[in-house]
Each structure stands twice: as C-alpha cells, then as structure tokens.
Amino acid sequence: MRTKSTGKKKINVVTLGCSKNVYDSEVLMSQLKANGKEVVHEDRGDIVVINTCGFIDNAKEESINTILDYVEAKNRGEVEKVFVTGCLSERYKPDLIREIPDVDQYFGTRDLPILLKHLGADYKHELVGERLTTTPKHYAYLKISEGCDRPCSFCAIPLMRGGHLSTPIEKLVLEASKLAKKGTKELILIAQDLTYYGLDIYKKRALGELLKELVKVEGIEWIRLHYAFPSGFPEDVLDIIREEPKVCNYIDIPLQHINSELLKSMKRGTSHEKTNALLDKFREKVPDMAIRTTLIVGYPGETEEIFQELKSWVREQRFDRLGCFTYSHEENTGAYVLEDDIPQEVKEARVEEIMELQSQISWEKNQEKIGMTFKCVFDRKEGNYFVGRTEFDSPDVDNTVLVSAENTYISIGDFAQVKITSAEEFDLYGDLV
C-alpha cells in the first residue's frame with residue numbers, strides 16, 4: 001500500500017549503535033516536535049531518518065542492511081523519503097552516495113541544523129538541553145562531551161565524531177533538571193571519554209566538579225559513569241563515588257587489553273603494571289565498587305602466549321561486568337598499517353573463551369549475593385517477572401534482578417529493597433522486603 005501524499009507527514013527516527021546515538025536521536029526528535037512535526041521512534045512513518053553506527057564491521061553491516069531495507073520500502077511506495085545520518089554517513093558519505101544512491105540525502109554527525117532544514121524544520125537554540133527521551137521515563141543518558149582526542153590505533157571514532165568538545169557544567173545541570181522534572185531518577189553519564197571532561201574548556205579535568213553539581217539536582221537518585229578512559233583518570237572522582245550516595249558505586253572503564261606490548265601498539269598510554277595499579281586504587285578507595293570493562297581480542301600481534309596472559313589477568317581481576325569483542329581492521333586508523341594476522345575463527349574462539357571464563361566469575365559473584373538485600377530500580381515487566389537492577393548494573397548491558405509478579409506489584413520506575421533468594425550467571429532472583 002502506498003503512503004498517503006496528503007496531510008501531515010510522520011517522521012520515523014531509527015537508531016542504531018550506542019547510547020551516544022540514542023541521545024542524538026532524542027535531540028533530533030525534540031527539535032522536530034518543537035517545529036510542530038509528528039515524530040515517532042522506530043515505528044511507521046512517511047519519512048525515515050536512520051541514525052547509523054560505523055564503529056566496527058558488524059555495526060556497519062547492520063547500518064547498511066537497515067538503509068537497504070528502507071530504500072526497498074521507498075521503492076515499493078511504503079515510505080516517501082529516506083535520510084541517513086550518524087557515524088556511518090560521516091565516515092563513508094562518498095561511498096554511500098555511490099553505492100546506495102536512492103537515499104534522499106546523507107548527513108554527518110554534526111549536521112543537525114542542515115538535516116532539520118531538509119525535514120522542513122528550523123534548529124531552535126532555545127531547546128538546548130531538551131530531548132524527547134526514548135528510554136523508560138525513569139532513566140536517561142546525559143552526554144557530557146562529544147568527540148575524542150585520544151590516539152587509540154584501533155578506533156575510528158575521532159574520524160566520525162571529531163575532536164573532544166565538553167559541554168559546560170551549567171548546561172548539563174540545566175538539562176539534568178529538565179529531565180528530573182519529567183520523572184528521570186537515574187542519569188547515565190556518557191561520552192567518548194569521561195576522563196577527559198573539562199580539559200578543553202576549563203583547562204583541567206572537571207568530572208568531579210560536574211558530579212558535585214549534578215548531585216544537587218532534586219529528583220535524581222542515581223548517577224552512573226560510563227566510558228571512562230584509564231589513562232589520566234581523575235582520582236578525586238573516586239572520593240565522590242565513595243562519599244556521595246547518589247553516585248552509583250559503579251564505573252565502566254574500557255581497558256581493551258593487558259599486555260604492555262599490545263597496549264603500546266594500541267596507543268593506550270598505559271601498561272600492564274599501570275592498569276593493575278589503577279584497579280588497585282579503585283578497590284582501595286571504593287571497596288564495593290562494581291567495575292565493568294571491555295576487551296579486544298585478535299589485535300595484530302596477539303600471540304597465543306599474549307592471549308593466555310589476558311585470560312590469566314581476567315581470572316585474577318574477577319571483574320564484576322565484562323564484554324569482549326573481536327578486533328576489527330578499520331581503514332584510516334593507526335593499526336590499519338599492521339597486518340590483520342589473526343584468523344577470524346581464532347578471534348571468535350578467543351571471545352568465547354573469555355566470555356566463558358567471565359560467565360563462571362559472574363556466577364560465583366552472584367552466589368555470594370544470596371541472602372543480601374539491595375536497593376533496586378525496576379525497568380519493566382517481562383512475562384511473570386518484574387525486571388530490576390541494583391546500583392551495580394546499567395540497563396541493557398549488565399545483570400538483572402527478577403521479582404515474581406504473581407503475588408507482587410511494582411510500579412515501573414520505582415525503587416524497592418529486594419532480598420536475593422537465588423542466582424544464575426547473569427540474573428538474581430529475589431523478594432521485596
């Protein structure tokens with residue numbers, strides 16, 4: 001059936017990739033709504049805006065397949081126009097125009113005003129800090145900076161997002177206040193690099209100062225830190241995590257590897273010894289902090305001996321949360337000149353080994369929680385369970401707490417005390433106290 005060509009056009013925003021993209025889509029949707037446009041997120045619409053990811057091969061493939069699907073829908077008359085924005089089109093715009101010419105227009109990561117014009121809308125400066133959130137009402141992402149100045153050899157983010165640009169503290173506090181008034185209780189601070197926050201505009205690392213201001217926002221109960229770079233981590237932040245009840249005892253710090261030789265090639269600015277010293281400092285200052293990290297396996301030169309060093313280290317460190325990815329050989333990155341010398345099947349087998357090891361660690365850590373009581377926030381109802389999280393868990397990526405819905409009712413977004421009665425590798429089961 002062809003879409004109607006009369007009446008108000010509905011704009012469907014489709015988001016792929018990370019939480020930074022979710023945030024950008026929310027800003028776009030807020031601008032469109034303020035211009036009187038009818039806008040939906042990942043629903044049916046006359047006009048489609050695809051916010052793409054171009055980080056690694058799998059993400060690029062998903063983005064391209066999504067674009068092709070909507071171009072086919074356009075050719076069948078099911079949608080009128082297809083626009084593409086985000087990281088993939090920032091990085092590969094000439095190639096995309098040549099290979100998928102049926103897209104009406106491609107835009108980069110910092111082309112929001114131009115994209116709005118093509119959608120018949122004006123960029124409204126007075127809306128800075130306003131977003132049409134797509135997450136459940138009780139939590140929201142707060143992007144504190146854009147871009148990245150780090151030289152990591154495997155990473156294409158600076159090519160897609162540009163250099164680091166911090167958002168001033170007063171703007172972030174205003175945005176947090178607006179979110180709180182709409183019912184947000186948990187802020188998840190995101191950036192390409194939280195550690196670098198403030199160096200460009202304040203000439204010093206100012207993440208700690210930002211946290212001190214955000215905890216004053218009435219209505220916010222939890223503040224969570226994502227994507228902190230290990231090199232140059234501001235230690236005053238650890239004191240704030242320990243002393244301030246609103247700041248979750250949680251940090252996401254992507255360490256990527258532990259072998260000093262590989263870390264040097266990756267241009268991470270750290271070593272095996274320095275990484276362990278930092279983790280020791282975390283645990284010394286905040287003994288009950290949950291540490292989430294991500295690792296890359298299959299980076300050029302990762303011998304079996306080096307991989308075994310990584311496995312032993314994971315076994316020793318016993319991270320609370322861990323994700324693992326295969327190395328992706330990205331053009332125009334520093335590592336692209338190296339030979340991608342690890343076969344894909346070996347990379348994938350190494351991921352499986354790391355995740356199997358982490359699964360056992362997670363199971364053991366969860367068994368220790370049986371009989372303990374935790375403050376949890378509840379995100380949704382799924383089947384016969386209300387699904388919640390402790391302060392040690394971020395939505396979508398970490399463990400969940402399941403409470404039976406048979407004889408209990410919990411409002412979504414509410415906090416409750418839960419006593420853990422049993423545990424699996426990644427799920428805790430409990431009863432309300």
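User: Which residues touch the most other members in the largest nonpolar core?
Analyst: Leu189 and Phe282 do. That core has 53 residues. Keep in mind that this is a predicted model.

User: Which helix gives the core its largest share?
Analyst: Helix α6, residues 169–181, with five residues.

User: And what does Phe282 touch?
Analyst: Leaving out residues up to four places away in sequence, Phe282 touches Phe233, Leu238, Ile251, Ile253, Met289 and Ile291.

User: Why would nonpolar side chains sit together like that?
Analyst: In soluble globular proteins, nonpolar side chains tend to be buried together.

User: OK, confidence. What does the chain average for pLDDT?
Analyst: The average is 94. At least 70 is reached by 98% of the residues.

User: Where does pLDDT stay under 50?
Analyst: Over residues 1–6. The model has 12 contacts beyond four places in sequence for that stretch.

User: Sheets next. In what order do the strands of the open sheet come?
Analyst: The order is β2-β1-β3-β4-β5. That makes five strands, with parallel pairing.

User: Which are the edge strands?
Analyst: β2 (38–41) and β5 (105–106). Each of them pairs on one side only.

User: How many bridges join β4 to β5?
Analyst: Two. β4 covers residues 81–86 and runs parallel to β5. Val84 stands opposite Tyr106 in β5.

User: Which strands does helix α2 touch?
Analyst: Helix α2, residues 57–75, packs on the sheet and touches β1 (10–15), β3 (47–52) and β4. The direction of α2 makes about 170° with that of β3.

User: And helix α3? Which strands does α3 touch?
Analyst: β3, β4 and β5. Helix α3 is residues 87–99, and its direction makes about 125° with that of β4.

User: Switching to β6. Is it buried or exposed?
Analyst: Buried. Five of the five residues of β6 (residues 139–143) are buried, so the strand is largely enclosed by the rest of the structure.

User: Which way do the residues of β6 point?
Analyst: Tyr139, Tyr141 and Lys143 point one way. Ala140 and Leu142 point the other way. In a regular strand the side chains alternate between the two faces of the sheet.

User: How many bridges pair β6 and β9?
Analyst: Five, in the parallel sense. β9 covers residues 186–190. Tyr139 stands opposite Glu186 in β9.

User: Now the barrel. What is the strand order there?
Analyst: It goes β14-β15-β16-β18-β17. These five strands close into a barrel with mixed pairing. Neighbouring strands are turned by 55° against each other on average, direction ignored.

User: Is the pairing of β14 and β17 parallel or antiparallel?
Analyst: Antiparallel, with five bridges joining β14 (residues 373–382) to β17 (residues 415–423). Val418 in β17 is the bridge partner of Phe374.

User: Which residues does UniProt list for the TRAM domain?
Analyst: Residues 367–433, in an unreviewed entry. That span is 1% helix and 52% strand. Its end C-alpha atoms lie 19 Å apart.

User: Where does UniProt place the "binding site" feature?
Analyst: At Cys18, Cys53 and Cys87, again in an unreviewed entry. They span 70 residues in sequence, yet no two of their C-alpha atoms are more than 10.6 Å apart, so they gather at one spot.

User: Where does Cys53 lie, and is it buried or exposed?
Analyst: Cys53 lies in the loop between β3 and α2. Cys53 is buried, because its relative accessible area is 12% and the cut-off for buried is under 20%. Beyond four places in sequence, its contacts include Leu16, Asn21 and Cys87.

User: And Cys87? Where does Cys87 lie?
Analyst: In helix α3. Cys87 is buried too, at 8% relative accessibility. Among its contacts beyond four places in sequence are Cys53, Thr109 and Arg161.

User: Last one. Where is Ala335?
Analyst: In the loop between β13 (321–326) and α12 (344–367). Ala335 is buried, with a relative accessible area of 0%.

User: What does Ala335 touch?
Analyst: Not counting residues up to four places away in sequence, Ala335 touches Ser153, Phe154, Tyr299, Tyr327 and His329.

Conventions. Residues are numbered from 1 along each chain as its sequence is written. This is a predicted model: local features need pLDDT of at least 70, side-chain atom pairs count only at pLDDT 80 or more; totals for chains, interfaces and linings use all residues. Side-chain values use heavy atoms; hydrogens and water are left out. A nonpolar core is a set of buried Ala, Val, Leu, Ile, Met, Phe, Trp, Tyr and Cys residues joined through side-chain atoms within 4.5 Å. Buried means under 20% relative accessible area, exposed over 50%, partly exposed in between (1.4 Å probe, protein chains only). Helices (H or I, at least four residues) and strands (E, at least two) are DSSP runs, numbered from the N terminus. Contact means heavy atoms within 4.5 Å. UniProt positions are given in the numbering used here, feature names are shortened, and annotations may be inferred rather than shown by experiment. Two strands pair if DSSP finds at least two bridges between them. Axes are lines fitted to C-alpha atoms, for helices over the stretch in contact, and angles run from 0 to 180 degrees between N-to-C directions. pLDDT is the predictor's confidence in each residue, from 0 to 100.
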